[in-house]
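Hi,

Here is the structure I promised to pass on.

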Amino acid sequence: MSSAKEMSFKSLKFLRFLVFCLISIHLTGHSSLLIAQISADTLLARSEKALGLDNFQKADSLARDLYSSSKARGETTSQIAALAMLGDIALDQGQYRSAQSLYTLALHTLDSLPGDYAKLHSDLLHKLGNYLITVNNYSQAIPLMDSALLIRLEENGSDGLKTADTYNNLGIAYEAMGDIDKALEYHYECQRIRTIHLKSPDKLLAQGLNNIGLCLEIKGQYEDALRMYSDALDQYSSVKPPDESAMADVLINAASVYMRMYQFDRAVTYAQRALETYKGVYETDHPYIALAHNNIANAHLSSGEEQIGLQHYDEALRIRIDIFGEVHPAVAQTYYNLAVYNMIVGNHEQARALFQTCERSLGKEKQEESDLSRINNHTLYLETLRQQAELEIMTFRDREGDIANLEAAARHYQALDQLLDYLMFRYESLGSKQDLAGAGHAIYADAIETAFMLYQITNEERFWHQAFYYSEKSKAVLLFDALQRSRAESFAGIPNSRLENIRNMESQISLAEKELYLRNRDQADAIDSLQSYLLHANRALRAEIEQLNQDFPTFFEFRYATGVPSVSSIQRDLLHDDQSIVTYFNGPTYLSIFIINQDDFQVRQVGTSLDFDAYQDSLLQSISDFQHVSTQDLSQNISRYYRSAYLMYRYLIEPIQPYIKKDLIIVPDGALNFIPFEALISAYPTEMDNLRQLPYLVRDHPISYNYSIRALYSLRQREKDSSLRPYLGFAPSFDPSINPDLPELAFNDQEVLEANEFMGGRSYVDEDATKERFLNTQGKYQIIHLATHGLANRNTDDFSFLAFTETEEIPTHDEAYLYTREIYNLRSNANVVILSACETATGKLYLGEGIASLARAFTYAGAESLVATRWSVNDRTTKDLVNGFLRGLKEGLPKHEALQQSILHFLDHSGLNYAHPFYWSAFMTIGDVSPVEINTSGRWYFPLLFGTLLTGLLIFFLIQRKTSHRKPSV
């Protein structure tokens with residue numbers, strides 16, 4: 001007896017056969033001698049023109065004439081072109097099954113021909129990919145589009161118009177999958193090429209503007225999106241005759257923006273205009289008509305017109321089911337909207353049923369383990385799961401304590417966690433991954449709260465562990481990914497030549513990104529040839545890494561491991577008996593604090609007031625802005641610091657004080673990443689001038705910071721290089737007459753030379769401290785010490801920089817800057833990198849990732865630990881603090897304890913003028929704080945000694961040789 005799967009397959013084959021027969025019979029009745037005398041190219045051009053004017057009947061008639069005449073003449077390639085044209089006509093009218101059959105038949109016919117028809121093959125792949133995009137099957141569309149693109153790049157070059165068409169469709173596919181930054185890369189490249197060939201107004205240029213606008217809308221750049229839509233409308237309306245259907249597409253998108261901006265009347269107006277236009281273009285029901293109904297319903301319901309809105313939902317759903325069937329993302333979208341409406345108005349059971357129907361329309365089978373590859377719209381599935389979890393929590397609160405609803409919500413959050421991992425793996429662009437990490441942080445906040453609610457009811461500690469798991473998954477997602485890749489490269493047995501090739505590709509990409517940033521820094525240029533290069537270079541890099549995944553399964557296994565270490569493994573592997581890991585999760589109305597000791601695990605949830613964020617800002621500003629405070633405002637500044645430092649202590653430390661050990665390893669979250677915990681005070685001061693004697697947290701606890709516990713695990717598992725030399729110091733010189741943006745540093749050379757004297761190793765100061773020398777030497781030392789200028793770029797975080805000495809050979813200031821983006825591609829072996837410069841640990845905060853900083857970039861590059869600064873630091877006091885830290889390292893102290901002792905010594909011996917936390921709490925230790933076993937075995941300097949001896953012998957030999965040939969003067 002045949003299985004259901006076999007029956008389904010046979011049914012599908014029969015359906016395809018039936019469609020093929022119907023098409024064949026229908027297409028063979030139009031041949032005539034007159035038609036045979038008209039060239040195939042002419043008929044095809046006329047059909048394309050008619051289709052462009054939305055004259056479907058004429059376009060269809062001409063295409064069928066072309067098929068008949070070509071068949072009569074035995075011109076198979078023209079028959080294929082006719083089939084493809086008929087597929088285009090069917091697709092434009094929403095006849096999707098017919099379109100698929102026609103494209104498939106054309107491709108099958110082409111495959112049966114001998115010879116190479118690359119151009120026609122690429123056209124058919126492109127069209128079939130376009131069909132798959134239209135029916136929302138993006139995962140299958142992208143490989144077809146990629147195949148078409150490779151052929152078109154070879155046939156038409158990188159600037160061909162057909163190449164641009166494929167870029168456009170790839171952009172649409174990636175946008176629909178949620179990888180918005182990747183979509184923008186393709187749309188900008190498409191627009192660049194079309195701008196070369198076409199003059200405004202043009203429908204293709206308008207299409208590109210519309211697609212770019214859609215991406216900007218999704219990114220929340222509403223005003224920019226509206227400008228793009230306005231320009232697209234102008235172009236569409238200016239072509240002769242105007243493209244009514246395309247104009248309606250833009251109106252629908254503009255309506256969506258106005259919805260997001262809460263301008264519901266405008267949204268209704270634009271969507272209604274689009275609906276009327278679509279009805280004028282299409283004679284029967286069409287997906288675009290359903291889309292207009294769906295969006296009109298959204299706007300009416302948002303403005304309180306419920307009855308009208310529900311009527312439009314019903315019409316949208318009817319049309320979509322008639323065209324697509326029950327399993328389709330467009331159908332799911334309307335079910336989702338109806339479910340959310342019922343949820344809001346309190347119809348929880350109806351909402352629950354509609355969400356379940358929505359899941360089935362998205363491709364999720366009942367009673368089946370979640371197979372995420374079968375889901376046809378992952379971004380909608382994410383929102384569906386999220387709303388279902390919220391629905392269960394709402395129901396729980398309504399029923400006053402039914403645990404079954406909370407357990408259901410917990411299951412939805414488990415599914416969301418799996419989906420976030422899946423999407424993070426699939427997304428290609430860094431920006432889209434960052435956006436996803438931010439969305440994940442909000443989801444994990446709700447998951448943590450649910451776990452706490454379950455703990456309060458059951459008193460089962462497993463819910464503490466569940467909350468801890470979600471807290472850890474919410475942190476440093478991209479950093480962990482980078483560290484995992486480095487680990488995978490080390491353990492997967494990949495040949496060095498393959499790894500070196502990837503690193504060279506990454507280096508070239510980094511250089512191009514830097515050049516693009518410098519070119520556009522003063523005047524942004526959306527379409528640039530460098531962007532084209534970067535798109536192709538990134539495609540090549542991804543292909544190379546994907547090949548590694550296939551060739552080395554161990555690499556894939558390590559690279560994409562997403563688990564969180566258990567509490568017991570953390571206690572076993574990471575902690576001594578006098579250490580505590582304290583990890584925070586900063587929720588919307590609460591602060592979750594997880595305390596892990598070697599023999600204990602505690603969790604506390606602290607409610608936060610509306611002023612909590614203000615206290616954080618006040619603490620940071622009262623310290624970091626101290627250098628700009630006038631004498632008359634000094635008292636107010638100190639009072640502000642006292643209050644905020646004490647209040648933040650009460651939030652962050654006091655609730656956990658009974659559980660913490662001496663050494664604190666802190667994993668902050670959100671804005672807490674900016675807070676200097678060292679400067680928190682455990683009692684409110686009674687004297688205004690008592691800054692040296694305050695009960696600072698740093699007096700009782702050496703403190704270190706980590707981006708996540710997973711990141712710390714990866715750093716601890718790094719293999720140490722026993723051949724490294726002990727110390728490398730750089731102290732560049734700065735001449736304001738050469739570069740007025742960088743003032744002279746008075747003490748940095750003393751800082752480095754003094755450190756070199758007691759640490760050994762090598763130092764470069766003044767004109768010797770160049771960027772090139774640093775890049776050539778940094779990989780050979782245990783301790784790297786950079787006493788220089790640093791600047792955090794909060795707008796473009798990849799281009800924060802460290803400055804090196806400018807020489808006559810350096811053409812511009814920028815060539816002496818080491819940018820964050822360049823640091824990512826270094827391979828650092830250092831045990832500790834000391835960034836004795838301003839703002840090296842600060843930058844833009846990304847929820848779910850942390851602060852994008854110079855320090856973080858060195859962690860990406862492989863540095864075991866960092867000493868970095870939170871704000872602009874004082875040149876003179878920095879010298880004392882850093883050299884005190886280095887002396888502690890040489891004595892064998894752990895890094896955080898070495899910094900603590902340096903700070904305490906500074907407080908006890910500096911003048912009162914330097915006791916303010918501004919001078920000492922900028923410095924922080926990040927990463928693995930294990931002591932540095934400074935290499936004094938001599939292995940590292942044998943090559944240097946040998947080289948020195950060889951050089952000496954060579955000089956001696958040359959001198960002797962020169963002496964033996966000397967002639968006497970006459």
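Below is what turned up, sorted by topic.

First, the ground rules: this is a predicted model, in which local features need pLDDT of at least 70 and side-chain atom pairs count only at pLDDT 80 or more, while totals for chains, interfaces and linings use all residues. Residues are numbered from 1 along each chain as its sequence is written, and side-chain values use heavy atoms, with hydrogens and water left out.

P201 sits in the loop between α10 (180-197) and α11 (203-218). Helices here are DSSP runs of H or I with at least four residues, strands are runs of E with at least two, and both are numbered from the N terminus. K240 and P241 are also joined by a cis peptide bond, this one with omega at about -15°; P241 belongs to the loop between α12 (222-238) and α13 (244-260).

Then there are positive phi angles at non-glycine residues. Y262 has phi at about 65° and is placed in the loop between α13 and α14 (264-281). Its relative accessible area is 66%, so Y262 is exposed (buried is under 20%, exposed over 50%, partly exposed in between, using a 1.4 Å probe and protein chains only). A476 has phi at about 50° and lies in the loop between α22 (462-473) and α23 (477-491). A476 is buried, at 1% relative accessibility.

A threonine in a helix

T450 is part of helix α21 (residues 430-458) and is buried at 1% relative accessibility. Which residues does T450 contact, leaving aside its neighbours within four places in sequence? They are I393, L406, A409, A410 and Y413, where contact means heavy atoms within 4.5 Å. The T450 side chain also reaches the backbone oxygen of D446, at 2.9 Å.

Three strands make an open sheet, ordered β9-β10-β11 with antiparallel pairing. At its edges are β9 (790-791) and β11 (817-819), each of which pairs on one side only. Strands pair if DSSP finds at least two bridges between them; β10 (residues 801-803) and β11 are joined by three. L802 has L818 in β11 as its bridge partner.

Rings

Searching the whole structure gives 38 aromatic pairs. Rings of Phe, Tyr and Trp (its six-membered ring) pair if their centres lie within 6.5 Å; planes under 30 degrees apart are stacked, over 60 edge-to-face, and the rest tilted. F468 and F601 have ring centres 6.2 Å apart and planes at 75°, so they are edge-to-face. Because F468 is in helix α22 and F601 in strand β3 (residues 600-607), this pair ties together parts 133 residues apart in sequence. F468 is buried at 3%, and F601 is buried at 6%. Y642 and Y684 form an edge-to-face pair too, at 6.4 Å centre to centre and 75° between the planes. Y642 is buried, with a relative accessible area of 1%, whereas Y684 is partly exposed at 44%. One aromatic cluster consists of Y455, W464, F468, F594 and F601.

Finally, R887 lies over the face of F758, 4.0 Å from the ring centre, and R273 lies over the face of Y270 at 5.6 Å. The criterion is NZ of Lys or CZ of Arg within 6 Å of the ring centre and within 35 degrees of the ring normal.

Cheers

Note on methods
Polar contact = N/O pair within 3.5 Å; in protein donor to acceptor, adjacent residues only side chain to side chain.
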